[in-house]
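Biologist: Before we discuss the fold, please show me the sequence together with the coordinates.

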Amino acid sequence: MIEVALESGARLKSKTVIIATGARWRNLGVPGEAEFKNRGVAYCPHCDGPLFKGKHVAVIGGGNSGVEAAIDLAGIVEHVTLFEFAPTLKADQVLQDRLRSLPNATVITNAQTKEITGTDKVNGITYIERGTGAENHIELAGVFIQIGLVPNTEFLDVEKDRFGQVIIDSHHATNIPGVFAAGDCTNAAYKQIIISMGSGAAAALGAFDFLIRN
């Protein structure tokens with residue numbers, strides 16, 4: 001029997017448990033990010049990209065997700081500028097080559113985002129050239145932050161990987177018998193809604209199979 005303690009003090013007992021706590025976007029933590037969230041600051045290029053058709057936007061993050069986002073946005077917006085804190089991009093080379101081949105895309109590396117500026121909505125980014133210390137400002141309409149996800153698993157006492165993602169097997173079982181996990185809180189590839197929906201179904205079937213066998 002598995003026991004779950006709630007914040008209210010209540011305790012629930014069950015033969016099986018499915019963890020589906022999801023993940024949250026990793027924040028930059030710079031001025032303007034929270035103030036202009038959903039007013040120019042966005043985290044999902046697929047969801048919000050069309051809102052910026054014909055405009056200049058930025059993507060912050062030079063990993064695979066950031067470069068893929070910039071490539072996707074380049075097909076919608078007038079111009080996309082990608083900012084990366086490190087001296088080089090971390091994305092796969094094939095993605096880097098694709099991005100650099102686009103006529104309406106600019107890559108700026110070794111750049112520290114200082115502030116997302118605006119009045120009632122975003123109007124630009126102020127960044128520091130880490131090599132020289134020079135401060136620059138670019139006018140734009142939107143900022144897509146792509147620096148990763150943080151799984152909501154801090155409170156869980158199950159086996160996790162170095163990113164805090166719950167480790168699951170092919171049946172979505174964790175290292176604790178009767179405890180399963182699904183969706184973005186797990187180490188499953190591709191963090192998309194449709195993937196999480198299928199993951200939830202697989203975890204439910206795994207839990208059902210566990211109950212039958214025990």
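Modeller: This is a predicted model.

Biologist: Which residue of β12 is the bridge partner of valine 59?

Modeller: β6 and β12 also pair in the parallel sense, here over four bridges. The partner of valine 59 in β12 is phenylalanine 144.

Biologist: What is the strand order of the open sheet, and which strands are at its edges?

Modeller: Five strands make up this open sheet, with parallel pairing, in the order β5-β12-β6-β7-β8. An edge strand pairs on one side only, and that applies to β5 and β8 (105-108). The edges are therefore β5 and β8.

Biologist: Are the two faces of β12 covered or open, and which residues show this?

Modeller: In a regular strand, side chains alternate between the two faces of the sheet. In β12 (residues 142-145), one side carries Gly142 and Phe144, while the other carries Val143 and Ile145. These four residues are all buried, and both faces are covered.

Biologist: How many residues does the largest nonpolar core have, and which element gives it the largest share?

Modeller: The largest nonpolar core has 20 residues, and those with the most contacts inside it are Val57, Val59, Val67, Val80, Leu82, Leu99 and Phe144. Two or more residues each come from β6 (56-60), α2 (64-74), β7 (79-83) and α3 (93-100). The largest share, six residues, is that of α2.

Biologist: Which residues does valine 80 contact, beyond its neighbours within four places in sequence?

Modeller: Valine 80 is among the residues with the most contacts inside the largest core. Beyond its sequence neighbours within four places, the contacts of valine 80 are His56, Val57, Val59, Ala70, Ala74, Asn104, Ala105 and Thr106.

Biologist: How many residues are in the second, separate core?

Modeller: Among the members of this separate core are Ala58, Ile116, Leu140 and Val143. Val143 is one of the buried residues of β12. The second core has 17 residues.

Biologist: Against which elements do the buried residues of α2 pack?

Modeller: The buried residues of α2 are Gly66, Val67, Ala69, Ala70, Ile71, Leu73 and Ala74. Two of these, Ala70 and Ala74, are in contact with valine 80. The elements against which the buried residues of α2 pack are α1 (45-48), β6, β7, α3 and β12.

Biologist: Is threonine 16 buried or exposed, and what does it contact beyond its sequence neighbours?

Modeller: Threonine 16 sits in the loop between β2 (11-14) and β3 (17-19). Its relative accessible area is 16%, under the 20% cut-off, so threonine 16 counts as buried. Beyond its neighbours within four places in sequence, threonine 16 is in contact with Ile2, Gly178, Phe180, Ala207, Phe210 and Leu211.

Biologist: Asparagine 38 and histidine 172 each have a positive phi of about 70° without being glycine. Which of them is buried and which exposed?

Modeller: Asparagine 38 is in the loop between β4 (23-25) and β5, whereas histidine 172 is in the loop between β13 (149-151) and β14 (179-181). The relative accessibility of asparagine 38 is 69%, so it counts as exposed. At 11%, histidine 172 counts as buried.

Biologist: Which residues make the nonpolar surface patch of about 220 Å²?

Modeller: One member, valine 4, is found in strand β1 (residues 2-5). Valine 4 is partly exposed because its relative accessible area is 31%. The patch is made by Val4, Leu6 and Leu12.

Biologist: For the chain as a whole, what percentage of the residues is buried?

Modeller: The protein chain has four helices and 14 strands, and its C-alpha trace spans about 60 × 40 × 35 Å along the principal axes. The accessible surface comes to about 12000 Å², with 54% belonging to carbon and sulfur atoms. Of the 214 residues in the protein chain, the buried ones make up 41%.

Methods:
Residues are numbered from 1 along each chain as its sequence is written. This is a predicted model: local features need pLDDT of at least 70, side-chain atom pairs count only at pLDDT 80 or more; totals for chains, interfaces and linings use all residues. Side-chain values use heavy atoms; hydrogens and water are left out. A nonpolar core is a set of buried Ala, Val, Leu, Ile, Met, Phe, Trp, Tyr and Cys residues joined through side-chain atoms within 4.5 Å. Buried means under 20% relative accessible area, exposed over 50%, partly exposed in between (1.4 Å probe, protein chains only). Contact means heavy atoms within 4.5 Å. Two strands pair if DSSP finds at least two bridges between them. Patches are made of residues with over 30% relative accessible area and no salt bridge: like charges are joined within 9 Å, nonpolar side chains (Val, Leu, Ile, Met, Phe, Trp, Tyr) within 5 Å. Accessible areas come from the Shrake-Rupley method with a 1.4 Å probe; for residues, only the protein chains shown count as cover. A salt bridge is a side-chain nitrogen of Lys or Arg within 4 Å of a carboxyl oxygen of Asp or Glu.
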